[in-house]
Amino acid sequence: MSNIDLLRRTPLFADLPDAELNALAAHLSRRTFGKGMILFHKDSPGQTLYLIESGTIRIFVLSETGQEMTLNVHGAGECFGEISLLDGKPRSAGAVALEQTVTYALHRDDFLRCLHDYPLLAQRIIELLAERLRHLTAYAECLAFLDVPGRLAAALLDLAERHGVKRDANTVAIDLHLTQTELATWVGATREMVNRALVVFRDQGWISIEGQTIKILDMRQLRERTLR
Ligand code: CMP
């Protein structure tokens, strides 16, 4: 995929004029991260926005005792790192590759120059921040109001809607190389609790599990499980 095509499929840049896309494309630097490689840690200095060409990135924070919390998962066509890019402060969270991931980095100076010249980009970045805020609000709601199976149902729906691959009319596959331990860090539970909930969902016929691929077979039932 060319740098221009990558920019075009990233909503933040999709509707910029060709001249600006060409200028930005020339400043993108490609980097491949192997599975498990850390792109950056929370609080490290951040000067770049990352665009994902392929692969998956997990956004996480660590407690003082080393306990992990997953905040988000980003896949192909998405970008991340916009918070430090915008305010120039250290990274608000860490990022790790869940599988081999190809990214293109855009430096702060190039982004800010483009932001100055194209007001449409300002509108798109505001939309992205609004989306992050909504996601975080929904996540906080889940943690505060739902039990572990409810939180897991919400996480699976989020993953299916944003990263799922439609297999047929009723089936969406989530194939993100997420282990049950990593899923547990998303829903604030132990791996055993997540495993128990997955088995219940599977026995009810709502999902099927093949290795690290989870197929959603009944979105409606999963959604209802998030309402209790
Ligand atoms: P930045 O703070 O530069 O580096 C970490 C990135 O993770 C952040 O920018 C966002 O792009 C991304 N991210 C996605 N979701 C969240 C979240 N809920 N909290 C913090 N960062 C998030």
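Is Met37 buried, partly exposed or exposed, and at what relative accessibility? Met37 counts as partly exposed at 34% relative accessibility, where buried means under 20% relative accessible area, exposed means over 50% and partly exposed lies in between (1.4 Å probe, protein chains only).

This is a predicted model, in which local features need pLDDT of at least 70 and side-chain atom pairs count only at pLDDT 80 or more, while totals for chains, interfaces and linings use all residues. Residues are numbered from 1 along each chain as its sequence is written, and side-chain values use heavy atoms, with hydrogens and water left out.

**The chain as a whole**

The secondary structure of the chain comes to nine helices and 12 strands; helices (H or I, at least four residues) and strands (E, at least two) are DSSP runs, numbered from the N terminus. The radius of gyration is 18 Å, close to the 17 Å that the globule rule gives for 228 residues, so the chain is as compact as a globular protein of that length. That radius is taken over C-alpha atoms, and the globule rule is 2.2 Å times the number of residues to the power 0.38. Along its principal axes, the C-alpha trace spans about 55 × 45 × 30 Å. Of the 228 residues in the chain, 49% are buried. Among contacts (heavy atoms within 4.5 Å) between residues at least 6 apart in sequence, 69% join residues at least 24 apart.

Met37 is found in the loop between strand E1 (29-33) and E2. Leaving aside residues up to four places away in sequence, Met37 touches Arg31, Ala95, Val96 and Ala97. Its C-alpha atom is separated by 36 Å from that of Gln204, which is 167 residues apart from Met37 along the chain. Asp5, in helix H1 (residues 3-9), is partly exposed with a relative accessible area of 39%. From C-alpha to C-alpha, Asp5 and Ala25 are 9.1 Å apart in space and 20 residues apart in sequence.

**Two helix pairs**

Two packed helices are described by the angle between their axes and the distance between the axes. Here the axes are lines fitted to C-alpha atoms, for helices over the stretch in contact, and the angles run from 0 to 180 degrees between N-to-C directions.

| Helix pair | Axes come within | Crossing angle |
|---|---|---|
| H6 (residues 148-163) and H8 (residues 191-203) | 10 Å | roughly 75° |
| H4 (residues 108-117) and H5 (residues 119-145) | 5 Å | roughly 115° |

Angles under 35 degrees count as roughly parallel, over 145 as roughly antiparallel, 65 to 115 as roughly perpendicular and the rest as oblique. H6 and H8 are therefore roughly perpendicular to each other. Their contact is made by Val148, Pro149, Leu152, Ala153 and Leu156 of H6, together with Met193, Val194, Ala197, Leu198 and Phe201 of H8. By class, the residues of the contact of H6 with H8 divide into 10 nonpolar, no polar and no charged, where Ala, Val, Leu, Ile, Met, Phe, Trp, Tyr, Cys and Pro count as nonpolar, Asp, Glu, Lys and Arg as charged, and the others, Gly among them, as polar.

H4 and H5 are likewise roughly perpendicular to each other. On the H4 side the contact is made by Phe111, Cys114, Leu115 and Asp117, and on the H5 side by Pro119, Leu121, Ala122 and Ile125. The contact of H4 with H5 has seven nonpolar, no polar and one charged residues.

The buried residues are Glu182, Leu183, Ala184, Thr185, Trp186 and Val187, and what covers them includes strand E4 (56-62), strand E5 (68-75), H5, H6, H8 and strand E12 (213-216). H7 is followed by Gly188, whose phi is positive, near 65°.

Most residues other than glycine have a negative phi. His177, in the loop between strand E10 (171-174) and helix H7 (180-187), has a positive phi near 60° and is partly exposed at 29% relative accessibility. Asp43, in the loop between strand E2 (38-40) and strand E3 (48-54), has a positive phi near 75° and is exposed, with a relative accessible area of 53%.

**Cysteines**

With a disulfide taken as a pair of cysteine sulfur atoms within 2.5 Å, the count comes to zero. The sulfur of Cys79 is 13 Å from the closest cysteine sulfur, that of Cys114, which is too far for a bond. Cys79 is buried at 4% relative accessibility, and Cys142 is buried at 17%.
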